[in-house]
Amino acid sequence: MAYNCVVLIKQVPDTKRITGEVMNDDGTVRRSALPAIFNPEDLNALELALQIKDKFGGHITVITMGLPAAGAILRDSLFRGADDAILLTDPRCAASDTLATSYILSCAVKKIDYDIVLCGRQAIDGDTAQVGPQLAEKLGIPQITYVEQLIELSDRTITAQRNIGNGWQQVRTKLPVLLTVTSEANEPRVAAAKKIMKYKIALAPCETEQQLKTQNPTAAPEEIKALAARKSAELEQKGVLIKQWNLDFIKADLSWCGQSGSPTKVHRIQSVVLAAKESKNVEPNDQGISDMIHELIEDKIIA
Amino acid sequence: MISVNRKGEVWVFAEQHNGQLEDTPIELLGKARRLADTLGVKLAATLLGDNVKELAIKLIHYGADKVYLVEHPLLQAYQTNSFAKVMSDLIGKYEPQIVLYGATITGRDLAPRIASATKAGLTADCTDLQIGDHTTVKDGKLYKSLLFQIRPAFGGNIIATIINLKRWPQMATVREGVMLPPEPDVTRRGEIITEKVKLNQQNLPLEILQEHKRPRKVDLKAARIIVAGGAGVGSKENFKLVWDLANCLGAAPAGSRAAVDLGFIDSDHQVGQTGTTVRPSLYIAVGISGAIQHQAGMSQSQKIIAINNDPDAPIFGIAHYKIIGDLNEVVPKMIKAIKSVSRGS
C-alpha cells in the first residue's frame, strides 16, 4: 500500500552559525551575512517521507512558502528524492504570522491528494513550533508532534513514538495525519548523483524569469515573459519544472493572509547586545582565585 | 476569534499529568497575578482532567481567584484534540483577554491548535510578559493596556515584543523556569466553577499505546549554584573537573549544548535555549564560549564566573568575574581555595 506524503519546508537564515564575523561592533548580528539554509528539522521530515516511500511506495510533494530564492531548497529536496516541488510565492504572503501562514499552507495542501503531512518540529529562525499544529487544525486532521520514530505504518494506520520531554510516548491513529518531526528521528540522506544530474536544471517560472533578465538586461518585459513561458514549458516536458503557486491559484481568502490575516504584530525589536556589566578580571593564580572566593563568601553567594 | 474584551479575565492553563500539577502553571500564576492586578481583572486557571479537583485548591493557593474545573473520564490523559476542543469552547464562552500556557511539550502541542481553532494570535516561548501601550505607526492610534509578549527570536539574537491589537484573546506560551514561582498562601480562598462538557471518541483520534517516563536526574532549576562545562573542557574524562568543583560547592553540574552533543554530560544537565533555563545565585562557566543560545538559558544568574582561555569568548561579556586562563589550572586552584576556606571555618 502506497502513501502520499506532503512535506512542508522552509528556507531559514543559519542562526546557529553566529560567530564573531557576523557580529557588528555594537554586538548586534548582521543578518545578511548569514547563509540561507534548509531548515534542519525539515530535512528530518523529508527523510521520514523518503523512508516511507522507500518501504511502501507513494509520491512525495514538497512545498515551501517563501521568496523565489527558496527554490534552492526545493531543488535540494528533488536531489534527495522528492517527486514534486511547489514554490508558493506571492508578495501578499508578506508579514504573515504563524496563523496566517498555516491558513495559506492549508489552502495549498488541500489541493493535493495526501495521506501524511510532514513538517519539521520547528524552524530555527523563529523556534515557534506553531505552524504544524495550526495547520493540522485547519486541515481537520490529528497531529502527532515531536515524532522521534515511526514505529509502524499499515492499513492506513500509523504508530509513532513522540518525545514528551521526560520520556516518550507511542501513539496510534488513522490516516490522514500531520507529523512534526524532530532531529532525533533520522539522519537525512545526502543528494543522489543521478538526481542531481536530472534536477540541476529544475527551476520555478519566477526563477527562470530572473535568470533571463540577468542574461538579457535590455530585453523588454513582454519578451522576457514569453521566453520564460517557453523555457518553463520545456522544463515541464522534461519533468523538472518547479511548480509555482500564488494565493489566487490556491483560492486563499486574502483577508486571512499576510498582514490582515495575522493577529500578532511586532511592537518592538531589540537587538541582544552582549554588553559588559560590572565585571572584574581575576588573575588565574592562587591569590586572585582565593580573593574571589572570599568575596563570594562575604557576599553570601557561597555559603 | 473574539474581539477586544477589556473586562476579560487573565487565564492560565493548568497543565497536569496523572493528577500531578506541572511547575509551569505555578510559575505562570505568579506573573499572571501581577498582570491581572495591573488590569484590574480576575485571574483564573483552567483545569482539565479526571478527578483533579484537589489541584484546584492548590491553584487558588498560588494566586488564582477562580478555577474553571472540567472533569471528564475522556480527559484523563492529555490528547491534543480533546483538550483543544474544551479550551476553545471555554474561551468562546468566557472571552478571557489573556490566556497563558507553559511552553512545555504539551503546551507547545496544544496552544497552537487552540489558536488555530479560535483564529487568535499566539506568541511562542515568551521569557517576559508586561502590560503596556502601543501607538500604531500608520495612523498614530493608541491601544492601551495590551499584553507585551516578549521573546527571543532569530536564534536568540533579537528580543521581539509581540502584541495583538484587535483579535483577542492575547495568547502566549511561556518558557519553563523563567518566571519565579510564588509562595503558596494556604489561607487564600477562591471560586471553583465546574464546567460540563460533552466529549466522545471522535474528540480522541489518538490511541496512547504506551508511555515511558524517566525521572530527571538533576533539578537544575532548583540549584543555588551551578557549575557548567563546555566544549573547552576537552573530554569526558576531563569533565571530572566540573563534577569535582560542583561537589565541593554543593552545586549542580551542568553542560552547554556543545558539551552534551560531545557526550561529556547527559542532556538532563543541559543549560541554554534548548535545555533548561536557570537563574542560580552563582553560575560558573568552565570552558564555555557563551553562544547567545547558551546565554539565553543562564544570563539571569545573580553572579557569573567565566573561565576561558580565549579572551574574546562572548561569555566574558556577561561575566562578573572573568578568569582568562587554562581551566585545567584554574579549576583545581578554585577547589583548593574553597577547601581551605571550609577547613578554616
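In chain A, strand S4 and strand S5 (residues 84–88) run parallel and are joined by 5 bridges. Strands pair when DSSP finds at least two bridges between them. Helices (H or I, at least four residues) and strands (E, at least two) are DSSP runs, numbered from the N terminus.

A word on the source. This is a predicted model, where local features need pLDDT of at least 70 and side-chain atom pairs count only at pLDDT 80 or more, while totals for chains, interfaces and linings use all residues. Residues are numbered from 1 along each chain as its sequence is written, and chains are lettered from A and ligands numbered from 1 in the order in which they are written.

Back to S4(A). Which residue stands opposite A:Ile63 in S5(A)? A:Ile86 does. S4(A) also pairs with strand S1 (residues 5–9) of chain A, in the parallel sense, over 5 bridges. There, A:Ile63 is the bridge partner of A:Leu8. In general, strands of a sheet pair through backbone hydrogen bonds, either parallel or antiparallel.

How many of the 6 residues of S4(A) (residues 60–65) are buried? The count is 6 of the 6, so the strand is largely enclosed by the rest of the structure. Buried means that 20 or more other C-beta atoms, placed from the backbone, lie within 10 Å of the residue's own; 12 or fewer is exposed, and in between is partly exposed. Both faces of S4(A) are covered. On one side sit A:Ile60, A:Val62 and A:Thr64. On the other sit A:Thr61, A:Ile63 and A:Met65.

Next, where the chains meet. 66 residues of chain A are in contact with 69 residues of chain B. Contact means C-beta atoms, placed from the backbone, within 7 Å. Which element of chain A gives the most to that side? Strand S12(A), with 8 residues. The chain A side divides into 28 nonpolar, 25 polar and 13 charged residues. Here Ala, Val, Leu, Ile, Met, Phe, Trp, Tyr, Cys and Pro count as nonpolar, Asp, Glu, Lys and Arg as charged, and the others, Gly among them, as polar.

A:Ser271 has B:Ile158 as its bridge partner in S10(B).

Now helix H4(A). After H4(A) comes A:Gly140, with a positive phi near 70°.

How do the two H4 helices pack? H4(A) (residues 131–139) and H4(B) (residues 105–118) have axes 7 Å apart, at an angle of about 45°. That makes H4(A) oblique to H4(B). Axes are lines fitted to C-alpha atoms, for helices over the stretch in contact, and angles run from 0 to 180 degrees between N-to-C directions. Under 35 degrees is roughly parallel, over 145 roughly antiparallel, 65 to 115 roughly perpendicular, and the rest oblique. A:Pro133, A:Gln134, A:Ala136, A:Glu137 and A:Lys138 do the meeting from H4(A). Among their partners in H4(B) are B:Asp109 and B:Arg113. The residues of this contact divide into 5 nonpolar, 2 polar and 4 charged.

H4(B) has a neighbour in its own chain. The axes of H3(B) and H4(B) come within 9 Å and cross at roughly 50°. These two are therefore oblique to each other. H3(B) passes H4(B) in a right-handed crossing. Residues in the contact include B:Phe83 and B:Met87 of H3(B), and B:Leu110 and B:Ile114 of H4(B).

H3(B) (residues 80–94) also lies across S1, S4, strand S5 (66–71) and S6 of chain B, at about 150° to S4(B).

Last, the sheet of chain B. It is open, has 7 strands in the order S7-S11-S6-S1-S4-S5-S12, and pairs in parallel. Which are its edge strands? Strand S7 (122–126) and strand S12 (191–194), each pairing on one side only. From one strand to the next, the twist averages 25°. Inside the sheet, S6(B) (residues 98–102) and S11(B) (residues 170–174) share 5 bridges, with B:Gly102 opposite B:Val174.

Terms used: Contact = placed C-beta atoms within 7 Å. Left-handed = near helix turned anticlockwise from the far one by under 90°.
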